Each structure stands twice: as C-alpha cells, then as structure tokens.
Amino acid sequence: MKRLAAIAAMWLVLIALPWWLPQIGGYTALGSKVLIYAIATMGLNILLGFTGGLSFGQAAYFGLGAYGAGMTLKYLAPSTPLAILIGTLAGGLAATILGPLVMRRRGIYFAMITIAIGQLFYFIMVRWNSVTGGEDGLAGFSRQDIHLGGAVVRLTEVNFYYLVLICFSVAVAAMWVLLQSPLGHTWVAIRENRRRMEFLGVRVERYVWAAFAVAGFITALAGTLNALLFNFTSPQDLHWILSGDFVIMIVLGGMRSFWGPLLGVIIFVVAQDYLSSLTDNWMSLIGLMFVLIVLLFPRGLLGALPRGGKLA
C-alpha cells in the first residue's frame with residue numbers, strides 16, 4: 001500500500017507540475033526536459049539495468065528520433081503526430097537493424113561497438129550539410145498545433161508538457177508490461193547469469209537484440225519530443241557524451257530499479273540547470289556529486305531503499 005501511495009503521489013505531482021514548479025523558481029519547460037530524459041534513460045535501463053548491456057551509443061537513437069521529427073516538419077508535412085511517429089520509427093528501426101552487430105558482444109566490447117555506431121551517425125549528421133545543417137544543427141521547424149476533429153490543441157509550453165506527460169505515461173506502461181512478462185524475466189535472468197541461460201538452451205543473443213531494439217524505440221521517442229521542445233536539434237544530440245550522461249543519470253538513481261532512472265534524471269537535470277546559473281565550473285560540481293553518490297550509494301539512491309522502485 002505504501003508503494004502504491006508513493007506512486008500515486010508521484011503522478012499527482014507530475015500532473016500539477018505546471019502550477020507548482022514556477023512557484024519555486026522553476027519553469028514548465030524544465031519539467032518537460034526531465035520527462036523527456038526520463039523516457040530515454042528508462043528505455044536505456046531495459047538494456048543496462050535489466051539485461052546487463054552497457055551502451056555508450058544510445059544517444060544515436062535519441063538523435064535520429066530528433067532529426068527524424070525535425071526533418072518531417074521541415075521537409076515533409078507540418079504535423080506534430082506524424083513527426084513523432086516518423087522520428088520514433090527512424091531511431092527504433094535503426095536500433096533493430098543494427099542489433100545483430102552488438103548482440104553477440106558483451107562487456108567492454110559491447111560498449112565499444114555501441115560507441116562506434118553512435119559516432120558513425122554523429123559524423124553523418126555533421127557532414128550532410130545540405131539536409132541536416134551540419135555542425136550548426138537543424139533549424140527552421142517548429143511544433144505544430146494538433147487538430148482533433150474540429151478541435152485544435154495549441155501546443156503552448158503547458159500543453160506541450162502534457163503531451164510529453166502522455167508519451168511518458170504510455171512509455172512507462174509499455175515498459176512495465178514488458179518487464180512483468182516472461183520476456184522481461186528472461187532479460188533479468190540473462191543479466192544475472194548469461195552463461196547458465198546459454199547452457200539451458202536459451203538463444204541469449206536474440207533476447208539481447210530484443211532489448212536493444214526496444215531501448216532504441218523508446219529512446220527515439222524521447223528524441224522526437226526533445227526536438228519539439230526546443231524546435232531545434234544538432235549533432236550533439238547523437239554524441240557519445242550525451243550517452244554517457246544517460247548512463248550517469250541511471251547510475252545516480254539506481255539501475256536495477258524501475259523508477260531509479262527518473263530519480264537520477266531529476267537530480268542531474270535540476271542540478272545542471274541550477275549550478276550552470278551560478279558558475280561556469282558546474283560540470284566539476286556535478287562530477288563531485290556523482291562520485292559521492294556512487295561511493296555512498298553503490299546501487300543508486302533509489303536502489304538503497306528496501307525494494308526501492310523494483311517491480312513487484
């Protein structure tokens with residue numbers, strides 16, 4: 001009952017965020033960014049925390065989603081739902097197609113090949129000036145109002161936040177169902193003892209491929225929303241540094257807990273926003289905070305609690 005009450009309270013806080021966040025010095029777009037990054041990190045955590053595959057190239061699919069959404073709006077059609085759909089498919093299908101390249105690797109080799117794939121997409125976006133804008137990024141597009149029959153939903157800052165919240169809710173529900181299913185239990189078993197699963201005759205590579213593809217689709221969805229939030233995207237959205245930030249957020253909150261990445265995103269994004277307004281050396285302070293949390297809470301902040309954020 002306590003866990004259900006805590007989760008219900010969390011949803012109430014998220015729903016009321018546009019009203020209370022400005023009262024404490026924040027702004028609604030910050031809440032949107034937190035939820036967008038939460039979608040990306042919770043998607044990556046299916047691969048990292050529940051399957052045991054460390055990816056340092058997840059930003060590639062985040063960036064492909066962002067560019068897919070931006071190009072749709074700029075070159076194809078001024079439709080926000082279509083931009084989200086095409087961007088999600090672009091990043092997700094890329095992860096699905098490239099999955100066989102990584103599914104047989106493990107450990108440092110898995111991490112290195114994901115970095116290589118991510119940097120490949122990064123340099124494509126940098127060099128393809130005529131379409132992507134190169135190093136200057138892709139601009140000249142903006143999120144469009146959503147037409148529902150005769151009604152028009154104007155995507156103001158607050159309304160866009162609720163669109164992000166809806167996408168976050170759908171992504172969370174899908175991940176929860178997957179992790180509760182036999183597929184999710186198989187992912188956890190692979191994380192705990194991959195060799196034993198191979199001895200039992202389980203085609204481990206195919207399950208790792210599935211986790212990689214699912215993580216890619218969810219992260220790409222986050223990328224589309226990020227492009228719509230800022231009406232801009234750049235090659236930095238595909239860089240391995242952003243992938244590293246995603247991993248840091250997951251570790252901060254607890255990578256073996258379902259809600260851990262959300263907590264890690266809140267800590268990282270809010271600290272980044274606040275500290276960058278105080279000093280140019282904010283990255284050093286975040287690094288110090290990360291080291292202290294890792295030393296004091298090796299399983300992350302939420303992972304230190306009894307059954308904190310775990311699936312039932």
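Terms and values in a predicted model

The protein has 14 helices and 2 strands, where helices (H or I, at least four residues) and strands (E, at least two) are DSSP runs numbered from the N terminus. This is a predicted model, in which local features need pLDDT of at least 70, side-chain atom pairs count only at pLDDT 80 or more, and totals for chains, interfaces and linings use all residues. Residues are numbered from 1 along each chain as its sequence is written, and side-chain values use heavy atoms, with hydrogens and water left out.

User: Why is Ser55 called buried?
Analyst: Buried means under 20% relative accessible area, exposed over 50%, and partly exposed in between (1.4 Å probe, protein chains only). Ser55 has 1% relative accessibility, so Ser55 counts as buried. Of the 312 residues in the protein, 50% are buried.

User: Where is Ser55, and what is it in contact with?
Analyst: Ser55 sits in the loop between helix 3 (28–48) and helix 4 (59–76). Neighbours within four places in sequence aside, Ser55 is in contact (heavy atoms within 4.5 Å) with Leu44, Leu47, Phe110, Thr114 and Val247.

User: What makes the pairing of Ser55 and Gln58 a polar contact?
Analyst: A polar contact is a pair of N or O atoms within 3.5 Å; within protein, one must be able to donate a hydrogen and the other to accept it, and residues adjacent in sequence count only if both atoms are side-chain atoms. The side chains of Ser55 and Gln58 are joined by such a contact of 3.3 Å. A polar atom of the Ser55 side chain also lies 3.3 Å from the backbone nitrogen of Gly57.

User: Why is Arg127 called exposed?
Analyst: Arg127 has 68% relative accessibility, so Arg127 counts as exposed. Arg127 belongs to helix 6 (residues 108–127).

User: Why is Asn231 called partly exposed?
Analyst: Asn231 has a relative accessible area of 25%, and is therefore partly exposed. Asn231 lies in the loop between helix 11 (204–230) and helix 12 (240–253). Although not a glycine, Asn231 has a positive phi of about 55°.
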